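Student: Could we go through this model together, one question at a time?
Tutor: Gladly! Have a look at it first, and then ask away.

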Amino acid sequence: MRGRDVNQQPIQLLVNYWEVRPTLMAARLDELLRLGVTHVASFVPWQAVESDISHALPRFLESLADRKMTVSLILSPEVGVNFPNSGIPKDVLSKPETAARHCENGPVLVHLPPNVFALPSLMSPEFTKRFHNFLSRIDNFLADLGRNQPDILAGVTVVLTGSFWKYYRSARQSSLSAFGGAAGDYSGASGVAFRQYIDLFFAQKEFADPHPSSSNRWKTRALEEVNRRYFFQQSEDVFKGRSMQFVQRKALPVKVNQAELFTPEADPSFAYSNLFQLISGAGADFSRLSRLLDESVTRSSDGGENPSPSYVHWTGFGGFCALADAEKQFLILKSLILMGGSGGGVLIDHDEWFSLSQPFRARVEGLARMISNRHLSLRSRALYLAPHLWSAPGVLWGELFNRLGPSARVISSVDRVVRDPESTLLIVDPTFIFTKEAVSKLTHWVRGGRVLAIPRSPLYTEAARTELEQVLSRGKSMEITLGVSYRLQTIGDGRILLYDLPEGVSGQGEVLRSWQVFLNSLLSLSGIENYCAVSDGRLKVIPLEQARGGVGLFVVNGTNRPISASLVFREEVSISDLALVFTGKVLPSQVQAVPSTQFEFDVPPYGVLPIAVEGISREREESVLAALSSDSLDASIARAAFNELPGYRPMEGDQTPWN
Amino acid sequence: MELICDWKGFQSIFYPRRRNQSPGRSALSPAYVLADDDCVVAAFAENEDLSDWTGASLKEVTSERNHRPLVTLQRKDVESWSSELLASPHFYEQVEFLRAKFMASAPEMEAPFSRHFLLEGLHSWWGKILPSSYGLFFRIEAQSTQDFLVIVQRGIVSGFHEPDLSTLGFERQRSHLEIVKYLSEKYLVPVQGVFLPSSEWADWIESEHPWREVAQSVRANRVKLVPFRWSLMTLVASRAFLGI
C-alpha cells in the first residue's frame with residue numbers, strides 16, 4: 001500500500017500466510033506467480049505472532065523472496081481478519097475494563113467470522129502496553145532478518161493502518177446515517193485519558209488569555225462534546241505516530257507506510273444488516289455496502305505529513321462473499337474508482353478475486369493500470385474541516401456531500417488544508433476551535449483565489465479573534481443575508497465568508513433551506529459546478545480527472561434493473577468510450593461521438609459506464625489552480641535560490657528583477 | 001498453523017455459494033425491520049433496497065409494505081442477543097444461538113433459514129445416542145480433493161477445519177483407515193470417515209430427501225464410511241425412510 005504519488009498497487013490480493021499450510025505455501029505462490037501476481041498483502045495477527053512456533057512468517061517471507069515477489073504486511077489490529085478475535089489475544093479481550101464503549105454506552109461488536117467479538121479500547125493502558133510489545137517484537141524480528149538475510153526484506157513493506165478508531169460508533173446511529181452521531185471510545189479508560197487531555201490541552205498559554213481563569217470556559221460541560229471530538233482525533237493521531245516509532249526503531253531497511261483500511265462488512269452501519277443476514281441465511285445488503293463506499297471515500301485521514309491512502313477491504317468470509325457475482329463486480333469496480341482514484345485501492349481475498357470471470361478481472365486490471373500511472377485521479381474540489389474525522393459533521397457537510405459526492409472531503413487537520421494543492425473551497429465546521437495559528441494558516445490558504453467559510457462561533461481564543469480581525473480589516477467586506485447571514489471579505493484574490501449559525505442546527509425545514517442557499521453561494525464563489533446532470537436519480541456519476549486533460553465520468557447503476565437516461569452538459573462536449581481506452585488499443589479521439597450537450601445511454605444492472613469527456617470548461621477553478629501552481633513555483637524558485645546563492649535576498653513588495 | 005474454526009472452509013462445504021442468483025428468486029423472502037420503539041432503525045430484504053424505510057415510523061412501513069411478509073424485531077432484544085452471543089465459542093455456535101433466540105421470539109414463524117441436513121442430524125435426538133465427543137472427517141474428491149473435519153463435543157460443534165495430514169506420509173495418506181486412525185489419535189476422539197465424490201455431495205445438498213440419497217449412495221458403494229458402523233447406518237436409515 002503506497003501513497004498517492006506512487007500508487008503502484010491499486011488492487012492488492014490478500015494471501016494470509018497463516019491460512020496456508022507451510023507445505024502448500026510454495027505451490028500457492030507459484031500458482032499466483034503463474035497468474036501474473038507479483039505483489040500480495042497479508043495481515044499479521046498479533047496472536048499468530050505470539051504463538052508462531054513453526055516460524056510461519058519468516059518462511060512465508062523467504063518463499064516470497066525466492067520468487068522475487070513483494071509483500072505488504074499489515075500490522076495494526078484490524079477487523080475482518082480470518083483469525084479468532086481478529087488476531088487479538090484472548091486474554092486482552094477477556095477483561096471488561098479493556099473493552100471499548102460507543103457513545104450510547106454499548107460494546108462495539110464486530111459481526112464477522114471466525115467469531116463475533118467486542119472491540120477493545122485502544123486507549124486502555126493494558127492494551128497499548130501489550131500492543132507496543134508486539135510491535136517491538138516485530139521490529140526485532142525484521143531487524144534480525146535484515147541482518148542475517150537482507151535480501152528477504154527487499155520486497156517487504158510494513159503497513160500501519162487506522163485500526164479500530166473509525167469503528168467506535170453506535171450501530172443504531174450509524175444505521176440511520178453511516179457516519180452519523182458521535183464516534184469515539186467512551187470507555188472508562190478513555191474517560192480518564194480525556195480528563196487528563198483536557199487539563200493539559202487547555203493549560204496552553206493561548207487558552208489562558210486574557211487571564212488564567214479564562215481556560216475554565218473551555219472546560220465547561222457545554223463544550224464537552226466538542227472537546228471529546230478533539231480528544232478522539234488527537235488520540236488517534238498519537239496512536240498512529242507511536243506505532244510508527246515502534247516499528248522503525250531497528251528495522252531501518254524496511255519501508256513503513258500508513259494506510260486507512262475500510263472493511264465495510266465490519267462497519268457499525270452494517271452491523272444490523274449482518275444480524276439480519278445471519279438470522280435469515282439470506283445474501284448481504286448490497287445497497288448498504290454500496291452507500292457505505294460513497295461515504296468512506298470522503299473521509300481523508302492523515303498519516304504523518306501525507307494523507308493516508310484509503311483501501312477498501314473485501315473479505316472472503318463476510319457478507320461480501322454471499323453476494324451474487326454481478327454485485328461483487330460492481331462493488332470492486334466502484335471501490336477501485338473511488339479509492340484507487342484517491343491514491344488507495346482495493347484489498348481483496350485472492351480466492352474471491354480469482355473466483356470472478358477472467359474478462360472482468362482484465363477490465364479491472366486495465367483500469368487499475370490507468371489509475372496506477374496517474375492517468376485518472378479523483379480530485380478533491382472542496383474540503384470540510386471538522387475536529388473529528390469519524391463523528392457526524394454539521395448540516396453543511398451533508399449538503400456539500402449531496403452536491404459534490406466523492407469530490408468533497410472531510411479532513412481533521414489544518415496542516416492538511418495547507419498542503420492540499422487541489423481544493424478551491426474550504427468550509428470549517430461550527431464545532432472547530434480556532435487558535436491563532438489555525439486562523440493564520442487558514443487565512444493564508446485563501447490567497448490565490450480560494451474561498452474559506454468559517455463560522456462566527458464562540459470557539460475562538462482571544463489571540464485567534466485578534467488575528468482574524470486584523471486579517472479582515474485589510475480588505476473590502478460586505479454583509480449579506482442569503483439563506484444564512486454572513487460577512488464576505490476579499491483577501492487578495494481569495495474570499496473569506498464569516499457565517500452566522502442559523503437558529504437551531506437541525507437539518508430540516510427552513511433551516512435546511514437556509515444552509516442550501518448558503519452552500520449555493522459558496523460553490524458559486526469558488527467556481528465549483530457539477531460537470532453534468534443525469535436525468536435519472538438512481539444513477540450516480542463519479543468524475544475522475546484525466547492526466548491528458550478532460551474528464552472520465554463513471555456512470556454507476558447500483559440497482560438490479562437496466563436504466564435508460566441522459567447525461568446533460570452545460571456546453572457542447574464530445575464523449576468517447578473510456579472502456580476501450582482501458583485495453584490500450586484505442587485512443588479516445590478514435591471513438592468520439594458528435595459533440596452535443598445531451599447524450600442518451602443505457603446502463604445495465606450493476607453496470608459501470610466509463611465515458612471520456614472532452615470540452616468541459618472550468619475556467620474559474622482552473623484559473624485558481626493555475627494561480628496556486630504559479631505561487632507554488634515562485635516559492636520553490638525563491639527557496640532554491642536562497643539555498644544555492646550566497647547573499648541572495650528575496651525581493652519584497654512590488655520589486656521585480658527589472659527595476 | 002491450523003485454524004480450529006475455519007469458517008471459510010465450513011461455508012464452502014456446508015453452504016456452497018450461490019452464483020449469479022436471479023433477483024426474482026428471493027422476491028417472496030421476508031422483509032426484516034429493526035425498530036427502536038416505533039422508529040425503524042434498519043430494514044433488510046434480500047435483493048431489495050429498503051433504505052427508504054430507515055427513519056420512518058413502524059406504522060408507515062407496515063401500511064406501505066409490499067408483497068413480502070414483514071418481520072419486526074425490537075432493537076433492545078437484538079442488542080441483548082448480540083451481547084449474549086459473545087459467550088459462544090465461535091461463529092457457527094453464535095449464529096445458531098442467534099437463530100434460536102429469533103425463533104423463540106417469533107414462534108409462529110416458519111424458519112427463514114435452512115440448515116445443512118447433516119448439521120440438522122447432529123443437532124437432533126442423535127445427540128443422545130452418539131458419543132459425547134466425536135469427529136466426522138469428510139474427503140470430497142473432485143479434481144482437487146477437499147478434506148474437512150468437524151469435531152462435536154456434547155452435541156456442540158466445537159471445531160471445524162481442514163486437518164493437516166502432511167505428517168502422515170504419502171503412503172499412509174492414501175489409506176482411508178490410516179487417515180481416520182491418525183485423526184482419532186491426534187484429536188483424541190473417535191472419528192468417522194466419509195469418503196465420497198463431490199458430485200454425490202452436491203446431489204445430497206440439492207435433494208429434497210438428502211438422507212435417502214445418503215442411504216442409497218452407501219448401499220451402492222458410491223460412498224465409503226470408514227470404519228463402517230452398522231449403528232450409524234441405522235441412524236441414517238431411520239432418518240431416510242422413517243423421517244425421524
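**Interfaces and a buried aspartate**

Student: How many salt bridges are there between chain B and chain A?
Tutor: Keep in mind that this is a predicted model. One pair to look at is Arg21(A) and Asp164(B), whose closest N and O atoms are 3.5 Å apart. That pair counts because the cut-off is 4 Å between a side-chain nitrogen of Lys or Arg and a carboxyl oxygen of Asp or Glu. Between chain B and chain A, the count is six salt bridges.

Student: How much area do chain B and chain A bury between them?
Tutor: The contact draws on 50 residues of chain B and 52 residues of chain A. Carbon and sulfur atoms carry 59% of the buried area. The area itself is about 4200 Å².

Student: How many residue pairs are in polar contact between chain B and chain A, and how do the residues on the side of chain B divide into nonpolar, polar and charged?
Tutor: With both residues at pLDDT 80 or more, the count is 14 residue pairs in polar contact. Helix H1 (7–14), strand S1 (31–36), strand S2 (39–44), helix H3 (75–84) and helix H4 (91–105) of chain B each give at least two residues to the side that touches chain A. By class, that side of chain B has 27 nonpolar, eleven polar and twelve charged residues.

Student: Is Asp147(B) buried or exposed?
Tutor: Asp147(B) sits in strand S5 (residues 146–153) of chain B. Its side chain makes a polar contact of 2.8 Å with that of Arg139(B). Beyond four places in sequence, Asp147(B) also touches other residues, including Phe137(B), Glu162(B) and Leu165(B). Its relative accessibility is 9%, and the cut-off is under 20%, so Asp147(B) counts as buried.

Student: Within chain A, which residues of domain 1 lose the most area to domain 2?
Tutor: The C-alpha centres of domain 1 and domain 2 of chain A are 35 Å apart, and their contact takes 20 residues from domain 1 and 16 residues from domain 2. Together the two domains bury about 1400 Å², with 55% of it on carbon and sulfur atoms. Three residues together make up 41% of what the domain 1 side buries, and they are Thr298(A), Arg299(A) and Ser300(A).

Student: How many salt bridges does the rule find across the interface of domain 1 and domain 2 of chain A?
Tutor: Arg419(A) forms a salt bridge with Asp302(A), the closest N and O atoms being 3.6 Å apart. On the side of domain 1 that touches domain 2 there are nine charged residues, along with five nonpolar and six polar. Across this interface of chain A, the rule finds two salt bridges.

Conventions
Residues are numbered from 1 along each chain as its sequence is written. Chains are lettered from A and ligands numbered from 1 in the order in which they are written. This is a predicted model: local features need pLDDT of at least 70, side-chain atom pairs count only at pLDDT 80 or more; totals for chains, interfaces and linings use all residues. Side-chain values use heavy atoms; hydrogens and water are left out. Contact means heavy atoms within 4.5 Å. Buried area is the accessible area (1.4 Å probe) that two parts lose on being put together, summed over both. A polar contact is a pair of N or O atoms within 3.5 Å; within protein, one must be able to donate a hydrogen and the other to accept it, and residues adjacent in sequence count only if both atoms are side-chain atoms. Helices (H or I, at least four residues) and strands (E, at least two) are DSSP runs, numbered from the N terminus. Ala, Val, Leu, Ile, Met, Phe, Trp, Tyr, Cys and Pro count as nonpolar, Asp, Glu, Lys and Arg as charged, and the others, Gly among them, as polar. Buried means under 20% relative accessible area, exposed over 50%, partly exposed in between (1.4 Å probe, protein chains only). Domain bounds come from an automatic or database domain assignment.
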